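The sequence and the model are shown first, and the description comes after them.

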Amino acid sequence: MLALQILIDGFAISALYGLGAVGFTLMFGVCGVLNLAHGGIMVIAGLVGWWAAANYGAGPYGGAAIGTLAGLLAAYVTYFVVVRPIQRSRTIPRAEEEIFLLTGTLLWGIMIQVGSDYVFSNNPVTMRAMIPGVMHIAGVRTPRNEVLIGIVCWAAIGLLTLLVNRTRLGKQLLAASINPRGLTLLGFELSRIYLVVWTIYGLLAGLAGVLLASFIGVSSANAGALTASAFTIVILGGLGSVPGSLIAAYVVGYAETITAYLVAPTLRPIPALLILVVVIYVRPQGLLGRR
Amino acid sequence: MRHRWVVRAGAGAALALALGLGGGTAPARAAGPGPIKIGVIAEESAIVGQSISQGAQLAAADINAHGGVNGRKIEIIVYDDHSSAADAVRAFQRAAEQDHVKAVVTTFISEVALAVEPWAARLHMPTITPAAASDLISKQVHDNYARFKYMFEGWLTAPDLALAVCDSSHDLFVKQLHMKTAVIMSEDADWTKPLDDGMKTCLPKAGLKVLDEIRFNPDTTDFTPIYNKIEALHPDVIETGIAHVGVQPTVQWHDQQVPIVLGGISAQATNPTFWKDTNGAANGVVTQTGTVAGLAITPETLPVAAEFVKKYGHFPAFTGFTAYDAVRALAGAMQRAHSTNPDKIVAQMEKTDMAGTLGHYGFYGRKSPYTHALRYGTDWVSSVFMQWQNGKQVCIWPAKLCPNKMVFPSFVKSVHLAAK
């Protein structure tokens, strides 16, 4: 019974972690950008979705849609205001571009956090469950919304996999991640591909933000922790590897859930940090990392 | 190799984010020579913190409208500490040394109040916390009076909060609902240690056997494992001790339909915005609080609440009232002392005996182990218990103030099981 409980509970939370992390890792794989404003973008999506639903009667689905769009918009702003100017700057040496991007997105993430502190206060909020009520899975009382979240996460991840592996656009993305220069020599516009990646990323992060808000709630104070959690998962899985991130999301999700159930709820965040430290020492390229 | 380095730099940055680094302090206004200045240090982006500065400013406006303190006006200077002990100490030093405030009202976080306390002692600054509940704050005053006498607690300490939980639980859960068992569920923080100890002692006397005590990390976001563990013990009521968390455990209690009454102290549930924050999941939650809208605990309560709503557009968190009373107590002490000398202010603060907004307001004396903490009791401040009922905070205890009945959502089956 307890094992089943851990299995079900860990599944939903891990799916959510996975959804939050795949966009993050795709972004690094294709564009070479480690977006440290990631948590901020998820928080904006959750807060705006809640705000639209609570104050303007958008309903749970309307709120989720508006929140996801807000996440997309925030991703575009991150790209056009923070990332692209750094990538295009002639004064920043190519060799230092990555550290500039890290610093730039880190500062932007702090700005998002302080800004949403100011607008929404740091009070946590939750979005209404899209499907209320509970169901019994082999005797384990599970909120229907939790099941829905698991399904939506996997549907989104499945669509992404289809897009990457089965479409022309996906092949371009893969090519851009392996050899961007080769792609430009073949006449493809890299900046167009980057924009596609930022769009996919924004939608994924936005969706993850609103699902998180309807599952465990969001607050501006979570921004840093959400970035850190995506980062841990992506490092464990291997930077740029989407399947690696999914495996890692489940490793971290279940490590946390098992700790919370069997050891102590107080120690829940500890295993993820331990795993991060161990991975950096023992296998810095991660489980399925290419670099 | 370059990527490996990026990973490490990024990991460092991510850890820094996780630990919540960043931020600074800034005073809200510059100083002028005439008025008596009182510093208010709290977290402005938290609803509880915002109510502190708003309540303090409202009190200053009222005092000034009635002629001020011995002819001098009170001026409030607000500092944002982001609930960080380091920021609060920096703001405290600045308030004392640069802005020359004569007293400080600070924080709702016990850890922050404990960091400020030695500075109140060093800088001889009369300081009162309108919400931090750790008994260590007043214990230090008792154990080393000459040094720490400048510190006051303007809200009930955790042992008294525990008494309030037990007194109300006896009337509400044991007598009305015939309940017999409880589980304590508290966040791991300074204020909940004495709270849990107190509840473990007094709940059995009140008629509730304590089946377990579960403490969890204040960063916890998923409460499913905790609720599962509790449910397996089949208690009638969960007595909470939560302030850093509130929305998440409440929403998950509702979404997962945990069939057990949620009682105790849930500080966030006292916020008037809590219903909206939880999308109504708060329905049925019972918590201790200062007061609720429309309740006249003393003749001061309703007028101050009305003024607050008029000025700020919403009903205050309980800290709006406690900060209001804290500033009034300080101003009263300065008035009686005819001075802003810290030792004279402290001597007069100890004699405080006034009608506060939440009850008869005064502090424990030197003989009490909780020297300078707010007095608890039916003749003093007893606090009230409220329940969220269909979007409203309804007062349910003590009976002489609140004749309302408790109503629980249908999934809370422990109510019916206990009655059988």
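The model is a predicted one.

**The two chains**

Chain A has 11 helices and 2 strands. Chain B, for its part, has 15 helices and 14 strands.

In chain B, the corresponding share is 71%.

**The contact between the chains**

The contact draws 45 residues from chain A and 41 residues from chain B. On the side of chain A that touches chain B, the elements giving two or more residues are α1 (2–31), α4 (97–120), β2 (140–143), α9 (223–237), α10 (242–263) and α11 (270–282) of chain A. Of these, α4(A) gives the most, with 7 residues. Sorted by class, this side of chain A holds 27 nonpolar, 11 polar and 7 charged residues.

**A parallel sheet in chain B**

In chain B, 4 strands form an open sheet with parallel pairing, in the order β7-β6-β8-β9. The edges are held by β7 (209–216) and β9 (261–266) of chain B; each has a single partner strand, so one side of each is left without a neighbour in the sheet. On average, and with direction ignored, neighbouring strands of the sheet are turned by 20 degrees against each other.

Strand β6 (residues 181–187) of chain B pairs with strand β8 (residues 237–242) of chain B in the parallel sense, over 5 bridges. In one of the links between strands, Ser186(B) has Gly241(B) in β8(B) as its bridge partner.

Helices of chain B accompany the sheet. Helix α7 (residues 158–176) of chain B packs on the sheet and touches β8 and β9 of chain B, and its direction makes about 155 degrees with that of β9(B). Helix α9 (residues 224–232) of chain B lies across β6, β7 and β8 of chain B and runs at about 165 degrees to β7(B).

**Gly241(B)**

Gly241(B) has its place in strand β8 of chain B. This residue is buried, because 30 other C-beta atoms lie within 10 Å, where 20 or more are required. Leaving aside neighbours within four places in sequence, Gly241(B) is in contact with Ser186(B), Glu187(B), Thr192(B), Leu195(B), Asp196(B), Gly264(B) and Ile265(B). Val309(B) is 68 residues away along the chain, and its C-alpha atom is separated from that of Gly241(B) by 28 Å.

**Helix α10 of chain B**

Helix α10 (residues 247–255) of chain B is mostly covered, with 9 of its 9 residues buried. Among the buried residues are Val247(B), Trp253(B), His254(B) and Asp255(B). Which elements do the buried residues of α10(B) pack against? They pack against β2 and α5 (144–166) of chain A, together with α9, β8, β9 and α11 (274–277) of chain B. After α10(B) comes Gln257(B), which has a positive phi, near 50 degrees.

**A pair of helices in chain B**

Helix α3 (residues 85–97) of chain B and helix α4 (residues 110–122) of chain B have axes that come within 9 Å and cross at roughly 35 degrees. The crossing of α3(B) with α4(B) is right-handed. From α3(B), the contact is made by Ala85(B), Ala88(B), Val89(B), Phe92(B) and Gln93(B), and from α4(B) by Glu111(B), Val112(B), Ala115(B), Val116(B) and Trp119(B). By class, the residues of this contact comprise 8 nonpolar, 1 polar and 1 charged.

How values were computed
Residues numbered from 1 in each chain as written. Chains lettered and ligands numbered in written order. Predicted model: local features only at pLDDT ≥ 70, side-chain atom pairs only at ≥ 80, totals over all residues. Pairing = 2+ DSSP bridges. Axes fitted to C-alpha atoms, helices over the stretch in contact; angles between N-to-C directions. Contact = placed C-beta atoms within 7 Å. Nonpolar A, V, L, I, M, F, W, Y, C, P; charged D, E, K, R; others polar. Buried ≥ 20, exposed ≤ 12 C-beta atoms within 10 Å, placed from the backbone. Left-handed = near helix turned anticlockwise from the far one by under 90°.
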